[in-house]
Amino acid sequence: MRKNEGFSLIELIIVIAIMAVLVAVIAPNLASYLGASKKRSDETNTVEIGNIITYIVQGALVDDEESNVAQNIIKNYNKRILRVDKMIADVDSTGAFKQKVEKQLSKNEFKCKRQDYNYYIQVIIQSGEVYEVICRSIHSTADELAEWP
């Protein structure tokens, strides 16, 4: 009588073939799920960034201590479309505005999860109040920015 001391070559080849078929079926779906989750994450972050910037800019408009920040936003950034990281870094020279936004967001980086995408923002101030803040994650090309609402 023969002892079973392991798998035969045929059994190993069959198991490897089954695993290869499973990987071939699962891999495309996994890639699309990852892409969709990055897009959802970017969309959620745009809402969060927009809300926080609305809150901080509105606070700067009514706070006398931050009137220089508010005036800078009204003069230089009102209705302009800018990358979020550039706008936040350039609003005031002290960096206090950037620190407030980073503290609220609990992060230092304003990069989209998707490659070649950036967060863009447009702050619209009318009659001394924040009228609208539009924040989007956009593929960084001139064509995409031309379609801004």
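Guide: Two strands pair if DSSP finds at least two bridges between them, and helices (H or I, at least four residues) and strands (E, at least two) are DSSP runs numbered from the N terminus. This is a predicted model, in which local features need pLDDT of at least 70, side-chain atom pairs count only at pLDDT 80 or more, and totals for chains, interfaces and linings use all residues. Residues are numbered from 1 along each chain as its sequence is written, and side-chain values use heavy atoms, with hydrogens and water left out.

Visitor: Over how many bridges do β2 and β3 pair?
Guide: Strand β3 spans residues 129–139, and with β2 it forms a hairpin that has 2 residues between the strands. Within this pairing I124 stands opposite E132 in β3. The two strands pair in the antiparallel sense, and the count is 10 bridges.

Visitor: Which residue in β2 is the bridge partner of I81?
Guide: Strand β1 (residues 81–83) runs antiparallel to β2 and is joined to it by 3 bridges. In β2, the partner of I81 is Q122.

Visitor: Why is β2 described as largely enclosed by the rest of the structure?
Guide: Buried means under 20% relative accessible area, with a 1.4 Å probe and protein chains only. Strand β2 covers residues 117–126 and is largely enclosed because, of its 10 residues, the number buried is 8.

Key. Buried < 20%, exposed > 50% of the residue type's maximum accessible area, 1.4 Å probe, protein only.
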